[in-house]
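User: I have a few questions about this model. Can we go through it piece by piece?
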Amino acid sequence: MMMMMTTTTTCKLYILLLAIFSLVTAYPDAPTILTVKQGVFCSPVERSWSHPEKSYIKLVPDAVASQKQIKGLIFHYYDIVNFTSVPILEVFAQLYPKEKKNLYGQMLKEDGSFNLDPAEGYNVDKSKIWSGSIDKEVKFEIPSTGIYCVYIAPPADTDEDEDQAQAQFKIPVVFKNSYGNLSYTYYLIYSLLKFSIPAGLVIFAGLFNYVLRFKIGKDFQNMDSLSVISKAVIFLVLCPLIAVSILQWFVFFLVNNFLETCQKSFIINFLSFVAQFASMSFHVFVAYMTLLFSMGFGVIYYYNGNSRNYRLFPQQSFRKISGFLFLNIVLLFVLLVMNSFIGSKNTNYLIGIGDSTVNNKNSFVGFITLLAGLFSLVWVILPMVFYFKTKKTIATFPPAPDAESTDKVVSAFRKSFLVIYVLPILTAILAGAIVGVLSAQYMLNMPQFPPNTERALVYASAQAMWIIENSLKSVMLPLFTTSLFYSFGFIIILFFIWIKDNNGLIVDRNANDPIEYANVPNFEISDGEDEENIRV
Ligand SMILES: *[C@@H]1O[C@H](CO)[C@@H](O)[C@H](O)[C@H]1NC(C)=O
């Protein structure tokens with residue numbers, strides 16, 4: 001018994017994760033158009049108290065569909081428990097494509113309309129659902145926020161081959177939230193971007209003004225006097241962060257205002273793909289630079305050019321790490337392409353439930369996702385490993401000829417502990433804590449149903465959807481917020497440690513200093529106790 005319960009819980013969790021994953025990675029989703037092969041769509045719809053008329057579900061049948069007078073049902077999915085005869089999403093999605101007659105057996109009444117008999121102990125409030133013939137445009141204003149499903153029941157006999165041409169009806173479904181077309185999760189991210197982009201611009205203006213005034217001069221003459229780390233943080237982290245955020249915001253803006261859920265637009269899809277790819281690659285690139293930095297890049301090493309005093313970055317490690325970066329980016333590209341491909345199979349609006357979630361393509365995507373997850377783990381752990389090795393190396397091979405700037409660099413690198421250890425760990429704890437508290441809050445309120453009845457499957461399905469409905473808000477937003485916290489924290493900490501005093505290597509392209517190919521035995525210095533001796 002216990003075993004079985006844990007298995008179902010794990011199963012539900014898996015479905016939940018899949019659902020969240022598909023919601024996270026694919027926007028805009030595949031267009032929501034009901035056909036003879038696709039008989040259901042579910043989507044969260046958000047209602048506002050002040051403008052209840054702005055949130056609705058609209059069915060727009062084409063000529064073939066109108067003429068067929070196809071029966072339809074729209075309901076808040078959690079209310080599935082109120083009905084005796086409406087099949088659960090899992091069953092409906094599985095039987096609809098090929099076994100309509102089988103499916104319709106208990107679902108429809110004599111006249112072909114949905115059987116809405118209330119289950120024992122429940123009632124069915126007709127004002128909260130819509131049921132009828134889709135012979136013209138149907139607009140249903142939703143009574144409350146939640147995940148709604150649209151079921152249709154076209155005549156089963158048109159499955160025959162000769163009727164195939166006639167069977168090609170289309171019923172586009174528009175899920176419209178009070179604020180527009182984006183699903184709520186993305187809407188939250190979109191709203192957050194409206195604040196984080198100006199914040200990023202303000203930080204950029206501040207930083208740039210600071211280095212203009214104190215380091216490079218108004219005429220940009222002394223660009224070379226800016227340390228490698230300062231340049232990297234401003235031009236390779238902050239600028240791309242702002243650019244990527246603006247691109248993401250723009251895609252969300254287009255989708256929210258112009259792309260109804262049943263529409264598709266090559267341009268928006270393409271832009272969305274570019275935005276997602278850019279954003280993911282950017283994060284990997286920052287992780288790559290963090291790793292190089294933890295290995296002493298910009299502190300004692302550089303990769304080419306002339307400098308007053310620096311050593312060449314160990315070339316073999318450099319090539320390996322760059323190769324790893326390249327591999328990671330290729331992986332992300334494959335993942336995104338696969339996802340867009342699967343997206344066109346309509347899994348997203350099915351919220352991870354239905355027969356298409358258990359096929360091979362999904363396990364391949366699952367595998368690639370796992371791989372990408374392992375990559376990101378490596379990006380976090382390696383800097384932690386190399387940080388201490390580099391600290392010893394720096395103590396042994398001072399970065400600058402004069403003692404004062406050497407001391408500054410050594411102290412700055414020591415403080416960088418904040419970026420390499422404290423910030424990622426703090427971010428993880430913060431994300432975990434917020435998600436934990438919010439999830440605990442809603443899990444405590446989770447509706448309970450009588451155990452061991454013949455309706456157990458219906459109850460489980462309603463519960464799973466209830467979890468998805470609630471987890472969207474309590475998981476996605478904290479994850480996105482903490483990733484912003486990380487990015488901004490990263491830049492601000494590095495500002496105080498490295499940019500403010502222009503610490504780290506300064507590489508002067510025009511100077512003719514000899515490159516110091518000092519033969520540093522890379523990261524092979526073992527004990528800390530030796531440090532003092534070597535220095536002396
Ligand atoms: C389902 O039943 C609950 C409890 O009886 C009720 O509050 C809710 O309005 C019902 N939903 C529908 C669609 O009738």
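User: How many bridges pair strand E3 with strand E8, and is the sense parallel or antiparallel?
Analyst: Strand E3 (residues 56-59) and strand E8 (residues 171-176) pair over four bridges, in the antiparallel sense. Strands (E, at least two residues) and helices (H or I, at least four) are DSSP runs numbered from the N terminus, and two strands pair if DSSP finds at least two bridges between them. This is a predicted model, where local features need pLDDT of at least 70, side-chain atom pairs count only at pLDDT 80 or more, and totals for chains, interfaces and linings use all residues. Residues are numbered from 1 along each chain as its sequence is written, and side-chain values use heavy atoms, with hydrogens and water left out.

User: What stands opposite Tyr56?
Analyst: Lys176 in E8.

User: Which strands make up the open sheet, and in what order?
Analyst: Four strands, in the order E1-E8-E3-E6, with antiparallel pairing. Strand E1 (33-34) and strand E6 (138-141) are at the edges with a single partner strand each, so one side of each has no neighbour in the sheet.

User: Switching to the cores. Which residues touch the most other members of the largest nonpolar core?
Analyst: Tyr288, Val299, Trp379, Phe490, Ile491 and Trp498, out of 83 residues. Helix H7 (residues 228-258) gives this core its largest share, 13 residues. A nonpolar core is a set of buried Ala, Val, Leu, Ile, Met, Phe, Trp, Tyr and Cys residues joined through side-chain atoms within 4.5 Å; buried means under 20% relative accessible area (1.4 Å probe, protein chains only).

User: And what does Val299 touch?
Analyst: Leaving out residues up to four places away in sequence, Val299 touches Ile229, Phe293, Ile394, Pro399, Val409, Phe413, Trp498 and Leu505. Contact means heavy atoms within 4.5 Å.

User: Where does Thr185 lie, and is it buried or exposed?
Analyst: Thr185 lies in helix H6 (residues 184-216) and is buried, at 4% relative accessible area. Thr185 touches Leu472 and Met476, again not counting residues up to four places away in sequence.

User: Which residues line the second largest cavity?
Analyst: Pro44, Val45, Glu46, Thr145, Gly146, Ile147, Tyr184, Glu469, Leu472 and Lys473. A cavity is a set of points on a 1 Å grid over the protein atoms alone where a 1.4 Å probe fits but cannot get out, and lining residues have an atom within 4 Å of a point.

User: Which element gives the most to that lining?
Analyst: H13, with three residues.

Conventions: Buried < 20%, exposed > 50% of the residue type's maximum accessible area, 1.4 Å probe, protein only. 1 Å grid on protein atoms, 1.4 Å probe; cavity = no way out; pocket = protein on both sides within 12 Å on 5 of 7 lines; lining within 4 Å.
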